[in-house]
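Visitor: Please walk me through reading cavities and cores in a model.
Guide: Gladly; here it is.

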Amino acid sequence: MIKTASIDSTIPQVDIAKRAARIGAEISNIKLSSDLPPETITAINRLLLEHKVLFFRDQGHLDNAEQERFAFRFGTLMTYPVLAAIQGTVSMIEIDSMRPPRRADLWHSDGTFFEAYPKIAVLRGVVIPRFGGDTIWSSTVAAYLDLPAPLQRLADQLWAVHSNAFDFSVMADSEADKKYLDEVFAGTVYETEHPVVRVHPETGERALVLGDLVQRLVGIQKYGGQRLFTLFQSHITAPENTVRWSWKVGDVVIWDNRATQHYAVRDYGDQRRVVRRTTVVGEVPVSTDGRLSSMRIKAAKEPPS
């Protein structure tokens, strides 16, 4: 790890160590809390915009309520109506490998089937397997910069439809799980049209908006659209644009959901893995030509006859 400057001149004991060249930094010697002074929250946000993902060890003092209070320092907390039937209308989501949705082993940014999907996520390790269970993040800003100029211009013009209705076999261990998720998680279908490239509202950087919640590219036939999706998504998941975190109990990770995707690796067998996440309401994405994302469908499924 490469040591860099202190988080803030007023608290010089806090250290920053880059975890990879293009994304990720570990912050040491800080106790996360809702009582941190405003200048420290500002400094954390500044580092988040720079590094996209921040890692914090030894935060076992946080409980659910304090995690929510800390996340609230960055903005209004988001609730997920698609999970209300599973966990209730709450701002904290628990991902427990022992019950649906069990895991998130697909490349995605959180909640992109909504117009104003989350801008920041705060994830805490609660039950961590003895081995495996890492999470990988990628920089969608670095991925865009990696594209040759002609492909950047093409991506700037494209739009994609994101939806919560997808193949739940990715998140299910059985047909019963799949049926449950299809009926609950996708009981109301959301479809939102996002630009493939959004302009970050705080940094002005351009970031790719894709991932496995994409259903199709707008105005392009399925075969050609899938090939284009694969081309752009492959830049996002290129190892050079990623950082990997090996969890310990009490770890906290904060990421900029507008500039990253992530993938939870399912390599821990039958061990239990529990993480709890809070998210902060984001802004409606803006394309490179100034257009806004738009919700296309918000409809309840017909009950089975």
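**The second largest cavity**

Guide: Ile95, Ala104, His108, Asp110, Leu123, Thr135, Trp255, His262, Ala264, Arg273, Val275 and Arg277 line the second largest cavity. This is a predicted model: local features need pLDDT of at least 70, side-chain atom pairs count only at pLDDT 80 or more, and totals for chains, interfaces and linings use all residues. Residues are numbered from 1 along each chain as its sequence is written, and side-chain values use heavy atoms, with hydrogens and water left out.

Visitor: What is a cavity here?
Guide: On a 1 Å grid over the protein atoms alone, a cavity is a set of points where a 1.4 Å probe fits but cannot get out; lining residues have an atom within 4 Å of a point.

Visitor: Which strands supply at least two residues of its lining?
Guide: Strand 15 (260-264) and strand 16 (274-280) each do. Strands are DSSP runs (E, at least two residues), numbered from the N terminus.

Visitor: How do I read a nonpolar core?
Guide: Nonpolar side chains tend to be buried together in soluble globular proteins. A core is a set of buried Ala, Val, Leu, Ile, Met, Phe, Trp, Tyr and Cys residues joined through side-chain atoms within 4.5 Å. Buried means under 20% relative accessible area (1.4 Å probe, protein chains only). The largest core has 27 residues; Val53, Phe55, Trp137, Trp247, Val253 and Trp255 have the most contacts inside it. Apart from it lies another core, of 23 residues, including Leu36 and Val280.

Visitor: Is serine 138 buried or exposed?
Guide: Serine 138 is buried, at 0% relative accessible area. This serine lies in strand 7 (residues 135-139).

Definitions and conventions:
1 Å grid on protein atoms, 1.4 Å probe; cavity = no way out; pocket = protein on both sides within 12 Å on 5 of 7 lines; lining within 4 Å. Helix = DSSP H or I, 4+ residues; strand = E, 2+ residues; numbered from the N terminus. Buried < 20%, exposed > 50% of the residue type's maximum accessible area, 1.4 Å probe, protein only.
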